[in-house]
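Please look through the notes below with the structure open beside them.

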Amino acid sequence: NLSLTEGHIAGNSSFRDATALPAGLTTLVVTRTWNTAPVSVTVTPSYDTKIWVENVTATGFTIKVDTASLKDEKIYWQAIW
């Protein structure tokens with residue numbers, strides 16, 4: 001259980017990271033090795049688009065965006081168990 005009223009969550013790339021979404025693509029597969037699948041994965045794009053997560057498993061997940069960017073962008077994600 002976590003209760004955070006101010007500050008930040010420190011951690012490593014095993015449960016949060018930023019990954020590159022190459023220009024022109026609308027799908028990105030993130031590969032990780034976990035003991036169990038996360039209960040939730042939140043994603044935030046670095047540009048204006050709709051974004052969602054599919055196929056969450058113990059080996060990763062798929063990020064999809066509604067609109068491909070004309071340049072490489074970052075997608076920030078966080079997995080929660």
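1. Thr42 and Gln78 face each other across two strands, with Gln78 belonging to E6. The strands in question are E3 and E6, where E6 covers residues 73-80, and they pair in the antiparallel sense over 6 bridges. This is a predicted model, so everything said here applies to a prediction.

2. The pairing of E3 with E6 belongs to an open sheet of 3 strands, ordered E1-E6-E3 and paired antiparallel. Which strands form the edges? They are E1, residues 16-21, and E3, residues 40-45, and each of them pairs on one side only. From one strand to the next the twist averages 25°.

3. Thr19 is part of strand E1. If neighbours within four places in sequence are set aside, Thr19 is in contact with Leu28, Val30, Glu73, Lys74, Ile75 and Trp77. A separation can also be given for Thr19 and Lys50, which are 31 residues apart along the chain: their C-alpha atoms are separated by 17 Å.

4. The largest nonpolar core has 13 residues, and those touching the most other members are Leu21, Val43, Phe61, Ile63, Ile75 and Trp77. At least two residues of this core come from each of E2 (27-31), E3, E5 and E6. In soluble globular proteins, nonpolar side chains tend to be buried together.

5. Why does Trp77 count as buried? Its relative accessibility is 3%, and the cut-off for buried is under 20%. Apart from neighbours within four places in sequence, the contacts of Trp77 include Ser13, Ser14, Phe15, Arg16, Asp17 and Thr19. Also among them are Val30, Arg32, Trp34, Thr42, Val43 and Phe61.

6. How many aromatic pairs does the structure hold? There are 4. One is formed by Trp34 and Phe61, which count as stacked because their ring planes are at 5°, with the centres 6.3 Å apart. Trp34 sits in the loop between E2 and E3 while Phe61 is in strand E5, so this pair ties together parts that are 27 residues apart in sequence. Both partners are on the buried side of the cut-off: Trp34 has a relative accessible area of 11%, and Phe61 has a relative accessibility of 1%.

7. Trp34 also pairs with Trp77, this time edge-to-face, at 6.4 Å centre to centre and 70° between the planes. The pair links distant parts of the chain, since Trp34 is in the loop between E2 and E3 and Trp77 is in strand E6, 43 residues apart. Trp34, Phe61 and Trp77 belong, together with Trp81, to one aromatic cluster. A pair of aromatic rings is described by the distance of the centres and the angle of the planes.

8. The last point concerns a loop residue, Ser69, located between strand E5 (60-65) and E6. Is Ser69 buried or exposed? Ser69 is buried, because its relative accessible area is 10%. The side chain of Ser69 reaches the backbone oxygen of Lys71 at a distance of 2.9 Å. Setting aside neighbours within four places in sequence, Ser69 is in contact with Ala23, Gly24 and Tyr47.

Methods
Residues numbered from 1 in each chain as written. Predicted model: local features only at pLDDT ≥ 70, side-chain atom pairs only at ≥ 80, totals over all residues. Heavy atoms only, no water. Pairing = 2+ DSSP bridges. Helix = DSSP H or I, 4+ residues; strand = E, 2+ residues; numbered from the N terminus. Axes fitted to C-alpha atoms, helices over the stretch in contact; angles between N-to-C directions. Buried < 20%, exposed > 50% of the residue type's maximum accessible area, 1.4 Å probe, protein only. Polar contact = N/O pair within 3.5 Å; in protein donor to acceptor, adjacent residues only side chain to side chain. Contact = heavy atoms within 4.5 Å. Core = buried A, V, L, I, M, F, W, Y, C linked by side-chain atoms within 4.5 Å. Phe/Tyr/Trp six-rings, centres within 6.5 Å; stacked < 30°, edge-to-face > 60°.
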